[in-house]
Amino acid sequence: MNIYICEDDPSQRKEITTIIKNYIFIENLDMQVVLSTANPHQVLQCLDNQQGIYFLDIDLHSDLNGIELASQIRAKDSHGYIIFITTHDEMAFETFKYQVAALDFILKDQGDLQSNVRKVFQTIKQQLAIDAVDNKVIAINLNDRVLYLNLNSLTYVETASNHKLLLHSTDKESLVTGDLKELEERLPDNFFRCHKSFLVNLDYLDYIDKKQNLLRLKTGASCLIARRKIKLLEK
């Protein structure tokens, strides 16, 4: 999951970025800081239509303040986690006005910043666990970390060598140890076992190439499909 930081004070931006990166490393989270900037427009340019985490200062000394930035982020990422880091606790009401649904407020001059950031990530992990129950996110246990995979962006899965699975998402690929049948049982009905080696998200299906026995996906990728599965899919 991508993390974006927008803070106009260089020293505070560096401190926040360091705290977050250290926490990700210590907890072995499948997250990464992809942008740390003072420019709100850079944040908007970098959005990838995937669920993200956003740490935003409110007073950015720009033509966009943090709340206005959050409003534009929310229009593109309806399920993202927005956290305001600010000295302006009186601005909390404005977030309701703009309907940005902030996850939390961290006040710069109150409490320990590192502790407050840790609490935010604990809340996010709890929410991801809830989403897993609702079939929005699947948690895959790896040897040294837990991979939280957004099912909306998972396009297909294929088997690899040595009991490995290659998970293809719109924004990344992940190689994990696992069994395709066991994964199939954990996924919702829009995932279809089209071949002994492939599991496809039908939301991304473009068309069936009967001559080549392939499923052509909207992403440009292709998956093998067994002949008998073509008839099942056409019903």
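**Packing and surroundings**

Modeller: Start with Phe-121. Leaving out residues up to four places away in sequence, Phe-121 touches Ile-3, Ile-20, Tyr-23, Leu-29, Met-31, Ile-53 and Phe-55. Here a contact means heavy atoms within 4.5 Å.

First, the ground rules. This is a predicted model, so local features need pLDDT of at least 70 and side-chain atom pairs count only at pLDDT 80 or more, while totals for chains, interfaces and linings use all residues. Numbering runs from 1 along each chain as its sequence is written, and side-chain values use heavy atoms, with hydrogens and water left out.

Now the core itself. A nonpolar core is a set of buried Ala, Val, Leu, Ile, Met, Phe, Trp, Tyr and Cys residues joined through side-chain atoms within 4.5 Å. Buried means under 20% relative accessible area, exposed over 50%, and partly exposed in between, with a 1.4 Å probe and protein chains only. The largest core has 24 residues. Those touching the most other members are Ile-3, Ile-20, Met-31, Ile-53, Phe-55, Phe-121 and Ile-124. Two or more residues come from each of β1 (2–6), α1 (10–27), β3 (52–56), β4 (81–86) and α5 (113–133). Helices (H or I, at least four residues) and strands (E, at least two) are DSSP runs, numbered from the N terminus. The top contributor is α5, with six residues. A second core is separate and has 18 residues, among them Tyr-4, Tyr-54, Ile-82 and Phe-84.

Next, α1. Its 18 residues should span 26 Å at 1.5 Å a residue, and its end C-alpha atoms are 26 Å apart, which agrees. The expected span is 1.5 Å times one less than the number of residues. In α1, the buried residues are Arg-13, Ile-16, Thr-17, Ile-19, Ile-20, Tyr-23 and Ile-24. They lie on the same side of α1 because they cover an arc of only 160° around the axis. That arc is taken from the directions from the helix axis to the C-beta atoms. The face turned away from the buried side carries exposed Pro-10, Ser-11, Lys-14, Phe-25 and Ile-26.

Asn-28 is not a glycine, yet has a positive phi of about 55°. At 31% relative accessibility, Asn-28 counts as partly exposed. His-61 also deserves a check. His-61 sits in the loop between β3 and α3. Its phi is positive, about 50°, although His-61 is not a glycine. With 66% relative accessibility, His-61 counts as exposed.

Then Gly-80, in the loop between α3 (66–76) and β4. Gly-80 is buried, with a relative accessible area of 8%. Neighbours within four places in sequence aside, Gly-80 is in contact with Gln-51, Gly-52, Tyr-54 and Arg-74. Gly-80 and Asn-2 are 78 residues apart along the chain, and their C-alpha atoms are separated by 10.0 Å.

Further along the chain, look at the sheet. Five strands form an open sheet in the order β10-β9-β8-β12-β11, with antiparallel pairing. Two strands pair if DSSP finds at least two bridges between them. The edges are β10 (173–177) and β11 (191–195); each has a single partner strand, so one side of each is left without a neighbour in the sheet. Neighbouring strands here are turned by 20° against each other on average, direction ignored.

Inside that sheet, β8 (residues 154–160) and β12 pair in the antiparallel sense over three bridges. Val-157 stands opposite Leu-199 in β12. Asn-201 is also in β12, which covers residues 198–201. Asn-201 counts as buried, at 1% relative accessibility. Asn-201 touches Leu-151, Leu-154, Thr-155, Asn-190 and Phe-191, again not counting residues up to four places away in sequence.

β13 (residues 205–209) and β14 (residues 214–217) pair in the antiparallel sense over four bridges. Tyr-207 has Arg-216 in β14 as its bridge partner. Four residues lie between the strands of this hairpin, and Asn-213 takes a positive phi near 55°.

Finally, the whole chain. The chain has seven helices and 15 strands. Of its 235 residues, 46% are buried. Among contacts with a separation of 6 or more, 51% join residues 24 or more positions apart.

Definitions and conventions. Axes are lines fitted to C-alpha atoms, for helices over the stretch in contact, and angles run from 0 to 180 degrees between N-to-C directions.
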